[in-house]
Amino acid sequence: MTPSKAFILGLSLVLFALIALAPPGMLLLNLFSFSPKISIWKWLLERQVHLLTLHSLNMALVATVTALALGLPVGLALGSKRKPLLFGIIFFLPLAIPPYLTASCWMGLLGRGGILPHLAHEWLGMDARSSWLGGAWGAGIVLGLSYFPVLTYMVISGMRRLDAHLEEAAMFALPENGILRKITLPLLFPQIGTGLLLVFLLAITNYAVPSLLGIRTFTVKIYTYFSVFQDIGGAVLLSLPLLLICLVCVLLLHHIMKGRVFFSLQQGEEMGGSLLRLLNSKLFKILACGPALFVTCTPILFLLFQTGSFLSLKIAVDQAKESILTSFVLALFASFCISIVAFVSGYALERTKWGKGGVTRSLFFFPFALPSVLLSIGVIFFWNRPGIVLVYQSLLIITILWGAKYLPLAQRVLADHIRQIPLEMEEIAFLSQLSWTKSLCRIVWPLARPGFLVAWAVTYIFCLSELGGTLLVIPPGADTMPVRLYNIMHYGSSSLLAALGLVLIMMTIIPMGLLVWCGKGIKGLRD
Amino acid sequence: MKIPLLQVERIRQHFGDTAALVDVSFELPEDQILTILGPSGCGKTTLLRIIAGLQKPDEGTVWINGQKMNGTGTWVAPQQRSVGMIFQTLALWPHLTVEGNIGLGLKARGIKKADRDSTIEEVLEKLQMVQHLKRYPHTLSVGEQQRVALARALVLQPRLLLLDEPFSHLDLDLREDLITLIKGLTATIIFVTHDQHDALAMGGLLAIMCKGRLEQIGKQEEILQNPATEFVRYFVRRSTGLFNG
């Protein structure tokens, strides 16, 4: 390895370790040196733990099932045929709406005192006020509605890598539905399994939705406990069962994928896709996409309805100018920095011997599986030290928290993309007398650019809407849009909430639209 | 006595328990074409990669033009070996035009644009590809892509050109065209193939490999007339039927 290569890759890994691994790692390493205000044995035997586990698992499982019911058919429908750009954009919308906003919309529609129960009462004399949305099931459904595109994109990614010849070969022996059951779905199993596990992880580590709906899950408990007692050791102890669940999920992910790529960005001409008439039929597409389209558009229409007029929107923007600017600049800055570190460290992970190990890969992905509430406690513990207190007191600490959470995800996207670039492309560059640095800049970087933009987009979307962890680390006086929205949900008016919710969605959609528009020329990006 | 351009001394390479190369040694004089012929998986590509510096051998040494390339405390990077290579997959950079693919190495050497352009044009003229200068690889036919890969390797005037089964996807006519083209080059070439017809069409020196061992090396006629081992006799005779050994 040349000195420049060793330096650049080493630096990226040090940054990765400082940002993503050190905060949770230091928490766990110091687990026994903390003096928590609670006893571990007493806590683990308490009935409350069982309730929290039940609620958390219930919520995450319902979210996973909801995502499966909505996301799999959409993935099969969109992955079966080329050029799903328009639908792809529409089904990207649920990710652009933060789950707490989705929850608030569905509460406004279906919850106690919601519009529909009110109308049912007024017009039909029915008492349709139910509290189901306030339970773990309701929270799970809301999270499933928010995260089903994750599964959809995983399925589409799997469909693109599907070798249609395998289906063709089966056509001599099996009917269409048999091919779907015996060939297509088993071939897609790794992507479906990964998508479901990712949805499960995103749901079980979510803080904002259960907190808003008043459900006692682990994340809510950890947040409340730490906010009240500022007891790091106690908070870590409280999170141990959740940590175990997350660890199992990460190991399962590793087992399911067995070295396959999570994210495929195959380029236009080589795209695969199922040949089955069943999946390519218009009826299937309508049946698959209809419900998903409905649950995607409903919250946006509700927000538009609640906002009322353009004037309300303007007033809301005027009021929240500072939060909008802070959120936008911070998310833009954080996602860009995260993607740069992810690109180089992803290269290190993919193209060096030590990065090939399953343990290393799982370890590097683990921080993403952790709840941001716990990560923020880790960030506070690791970064709130004399000498670097300025970091802790500035907005930089939010960037670091987002990095801790989303750098592993961005790194996985980019490492997967780099794996799909043939090694020979680099080797021929070396033989053409390009140094490693030049090869990285002139060969790997242009070829990895679609992956970089996807990593950036994913990170930007998640950073912009991150709430649970941000609430704990945000410096006094500072305000991000999710924090403002969260406060309005508790103390503000519904029209202001809807207007700012729309602004937040636009803050996601406009840069993504620009990205798609500007990136049309970048081969592979539109896919 | 003139030093051979390439000396390979007792190269060994293992992948886990599998021996990919076992004590491979040979010499190649300047301006000669050596064809390494052997069945798939016999270690031909590994040998090329070691010569190119893309892989470090477990044991053994490679010398190019009398300079030691590897060994205790010695490692010459691929960039400094003056070796050109064409992979089986060609590995043309899809984001660069033909001009970009060919010119990138020259640019890395710091050659000025005007000189670069004239060199690229010269090479492409030789390969009858000038009209494709601004096209991207995916818009070219397989034969044209092959020529671009060859041009990319030749433009840097390497001392040694390594061809790793570059014709495996081509039809017979295109193969013959390219073999004629390569034979007309004034360069030291190692051509690796599993196809006996290509090997015999290339002429020059022939080496037969089997299970990581170099079974025999010499002039084609010598090998055809006096195969050193049973494998050589079997392998060459089996598909060509050119001699009765």
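In which sense, left-handed or right-handed, does H1(A) pass H18(A)? The views below, all taken from a predicted model, start with that pair.

**View 1. Helix H1 of chain A crosses helix H18 of chain A.** The crossing of H1(A) past H18(A) is left-handed. Here H1 spans residues 3-29 and H18 spans residues 358-369, and their axes come within 10 Å at a crossing angle of roughly 40 degrees. That angle makes the two helices, H1(A) and H18(A), oblique to each other. On the H1(A) side, look for A:Leu13, A:Phe16, A:Ala20 and A:Leu21; they meet A:Leu363, A:Phe364 and A:Pro367 of H18(A). Sorted by class, the residues of this contact between H1(A) and H18(A) are 7 nonpolar, with no polar and no charged ones.

**View 2. Helix H1 of chain A also meets helix H19 of chain A.** Stay with H1(A) and turn to H19(A), which covers residues 372-383. The two axes come within 8 Å and cross at roughly 90 degrees, and H1(A) and H19(A) are therefore roughly perpendicular. From H1(A), the contact takes in A:Leu18, A:Ala22, A:Pro23, A:Pro24, A:Met26 and A:Leu27. Their partners in H19(A) include A:Leu374, A:Leu375, A:Ile377, A:Gly378 and A:Val379, and also A:Phe381, A:Phe382 and A:Trp383. The contact of H1(A) with H19(A) counts 13 nonpolar residues, 1 polar residue and no charged residues.

**View 3. Helices H21 and H23 of chain A pack at about 155 degrees.** H21(A) runs over residues 396-419 and H23(A) over residues 436-465, with the axes 9 Å apart. At this angle, H21(A) is roughly antiparallel to H23(A). The crossing of H21(A) past H23(A) is right-handed. H21(A) brings A:Trp402, A:Tyr406, A:Leu409, A:Ala410, A:Val413, A:Leu414, A:His417 and A:Ile418 to the contact. Among the residues that H23(A) brings are A:Leu447, A:Pro450, A:Gly451, A:Phe452, A:Val458, A:Thr459, A:Phe462 and A:Cys463. The residues in this contact of H21(A) with H23(A) fall into 16 nonpolar, 3 polar and no charged.

**View 4. Strands S1 and S2 of chain B form a hairpin.** Now over to chain B. S1(B), residues 6-15, and S2(B), residues 18-28, run antiparallel and are joined by 7 bridges.

View 5. S1(B) pairs with S4(B), residues 59-64, over 5 bridges in the antiparallel sense. Along that pairing, B:Arg12 stands opposite B:Glu59 in S4(B).

**View 6. Another open sheet of chain B has 6 strands and mixed pairing.** Reading across, the order is S8-S9-S10-S3-S11-S12. At the edges stand S8 (83-86) and S12 (213-219) of chain B; each has a single partner strand, so one side of each has no neighbour in the sheet. From one strand to the next, the twist of this sheet averages 15 degrees. S3(B), residues 33-37, and S10(B), residues 188-193, pair in the parallel sense over 5 bridges. B:Leu37 is found opposite B:Thr193 in S10(B). Helix H4 of chain B, residues 142-154, packs on the sheet and touches S8 and S9 (160-164) of chain B. The direction of H4(B) makes about 170 degrees with that of S8(B).

**View 7. Chain B is divided into two domains, domain 1 and domain 2.** Domain 1 is made of 1-82 + 159-245, while domain 2 covers 92-157. Taken over C-alpha atoms, the centres of domain 1 and domain 2 of chain B are separated by 26 Å. Where the domains of chain B touch, 12 residues of domain 1 are in contact with 10 residues of domain 2.

Technical notes: Residues numbered from 1 in each chain as written. Chains lettered and ligands numbered in written order. Predicted model: local features only at pLDDT ≥ 70, side-chain atom pairs only at ≥ 80, totals over all residues. Heavy atoms only, no water. Axes fitted to C-alpha atoms, helices over the stretch in contact; angles between N-to-C directions. Helix = DSSP H or I, 4+ residues; strand = E, 2+ residues; numbered from the N terminus. Parallel < 35°, antiparallel > 145°, perpendicular 65-115°, else oblique. Left-handed = near helix turned anticlockwise from the far one by under 90°. Contact = heavy atoms within 4.5 Å. Nonpolar A, V, L, I, M, F, W, Y, C, P; charged D, E, K, R; others polar. Pairing = 2+ DSSP bridges. Domains from an automatic or database assignment.
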